[in-house]
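These are my notes on a structure I had not looked at before. I wanted to see how its side chains pack.

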Amino acid sequence: MAEGGGGPARRKALSLLEAARSRYESLQISDDVFGESGQDSSGNPFYSTSADSRSAASSQDEEDDEEDEGAVPGGPGPVEEEEEEEAEKGGWTRSLRDVPPPRFKDGSGPTRKMPLTASAMDFFQLFVPDNVLKNMVVQTNMYAKKYQERFGSDDAWIDVTLTEMKAFLGYMISTSIHHCESVLSIWSSGFYSNKSIALIMTQSRFEKILKYFHIVAFRSSQTTHGLYKIQPFLDSLQNGFDSAFRPSQAQVLHEPLIDEDPIFIATCTERELRKRKKRKFSLWVRQCSSTGFICQIYVHLKEGSGADGLDALKNKPQLHSMVAKSLCQNASGKNYIIFTGPSITSLNLFEEFEKQGIYCCGLLSTRKSDCTGLPPSMLNNPETPQSRGQYRIRMKGNMSLICWYNKGHFRFLTNAYSPVQQGVIIKRKSGEIPCPLAVEAFAAHLSYICKYDDKYSKYFISHKPNKTWQQVFWFAISIAINNAYILYKMSEAYHVTRYSRAQFGERLVKELLGLEDTSPSH
């Protein structure tokens, strides 16, 4: 943590950490499931893989309260006769059969071969091409003109150009590398000043562009969507994601870590903290678990009217199903395997997805998940103590409900993995812990996403505007840059320059600003 961040500011930072942990809880399970992670995730404050960590302890307490099952060590355990009769009524049975894994029908990886000389800008413009930037120029100038017609002329304003718009984006993106308290710090004489890029544009000109910046200047008479000012950009970005990359079979639905850097918050003054407003939206993604590439973004507004508002979304699992359906609307018929957290996992959703050629594996919680159609006997806690590696399984059609014990009771629902296939969780201290294959797969893929967040969440743009559409825009730009870097690392250009994520970001900033220096910086 940064030095000198004590008092109310540090308490604010700690409260943000707790809020981030709470929000990420839907995808978090203890290190006993993930195994002991390496250096990539051991130091992340949002989720710790240490058994005695605060998050692991809270997760353990929650799981002990809500989830328990009995079994024979390393395999299925005995079941009471009345419980068996109860399960049979709903079509669930102890009789297990092998289910062949879904055959992946699509290739994966980048769709185009980039040249050895491809720059950071070339990869970024796979998602944000010049025609999108030119539209920003047109819409910004239109908004400035109408604004001045209504509120009076601004003699200091002249129409923005494409070159200036690129420089404007470059300044904003620079805050994702050097997390300054304000983008205007670039022109200051303080610690976060950056004279090497400050000379490209004056601070007053930057502030004018920031004042009038728009993606869509005006609402049409037919527009009712709350994101109308950003939706065309999100649609264009989605087209870029779809055309540039084909994801692997295994993908994860989750909320990425997009809160402000707690270290940065700890250095803010009380006045700056009071100015910061709580986000009015929830951002969900569908992410390739083998590369970290974010395939699709879904934004849900808090102020949305009706039963699908964000406040209702937090309390009603069926509305999380709506989010999942929106994220998977382009995934039908490809035999993808989607991993989900407890808020999304439900029997009805998984059965609906299976009809569309989408298979699932999700962590189940009796408190957060929609447990409709699941046998109650598998959701209750047993009185007998359990041993690590014990599990029980019930099956209905191709769907398997797994109850597995490992210093806590975990339930999984899946139609993507055979219940008779065995897996193992390997820990350096405890050795091998037996488990069904679905549990091993879930732990492996979710662990990768955790490592992705460790590495890339700190590169989100620090600028935090008050307007919701602008917050969404800068988050989307940050995701686009991370995706661009992933494609860069998968290209031949990486073997020539071998930029780190920070170096890639700095190269992109320099290219947007039109600077000639092409040497990697640290």
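I began with the aromatic rings and found Phe168, Tyr171, Trp187, Phe206, Phe213, Phe233, Trp469, Phe473 and Trp474 linked into a cluster by ring pairs. Rings of Phe, Tyr and Trp (its six-membered ring) pair if their centres lie within 6.5 Å; planes under 30 degrees apart count as stacked, over 60 as edge-to-face and the rest as tilted. The model is predicted: local features need pLDDT of at least 70 and side-chain atom pairs count only at pLDDT 80 or more, while totals for chains, interfaces and linings use all residues. Residues are numbered from 1 along each chain as its sequence is written, and side-chain values use heavy atoms, with hydrogens and water left out.

I searched the whole structure and got 34 aromatic pairs. I looked up Phe123 and Tyr488: their ring centres are 5.7 Å apart and the planes stand at 80°, so this pair is edge-to-face. Phe123 is in helix α6 (residues 120–124) and Tyr488 in helix α18, so the pair links distant parts of the chain, 365 residues apart. Helices here are DSSP runs (H or I, at least four residues), numbered from the N terminus. Both Phe123 and Tyr488 are buried, meaning under 20% relative accessible area (1.4 Å probe, protein chains only).

Trp187 lies in the loop between α8 (162–174) and α9 (195–198), and Phe206 in helix α10 (residues 203–212), so parts 19 residues apart in sequence are tied together. Trp187 and Phe206 are both buried.

Which residues have the most contacts inside the largest nonpolar core? I noted Phe123, Phe127, Phe233, Phe473 and Ile477, in a core of 84 residues. Such a core is a set of buried Ala, Val, Leu, Ile, Met, Phe, Trp, Tyr and Cys residues joined through side-chain atoms within 4.5 Å. Helix α18 (residues 468–489) gives the largest share of this core, 15 residues. Another core lies apart from it, with 27 residues, including Ile338 and Leu401.

Last I checked Asn482, which is also in helix α18. Its relative accessibility is 1%, so Asn482 counts as buried. The Asn482 side chain makes a polar contact with the side chain of Arg501 at 2.9 Å; a polar contact is a pair of N or O atoms within 3.5 Å, and within protein one must be able to donate a hydrogen and the other to accept it, while residues adjacent in sequence count only if both atoms are side-chain atoms.

Note on methods. Buried < 20%, exposed > 50% of the residue type's maximum accessible area, 1.4 Å probe, protein only. Helix = DSSP H or I, 4+ residues; strand = E, 2+ residues; numbered from the N terminus.
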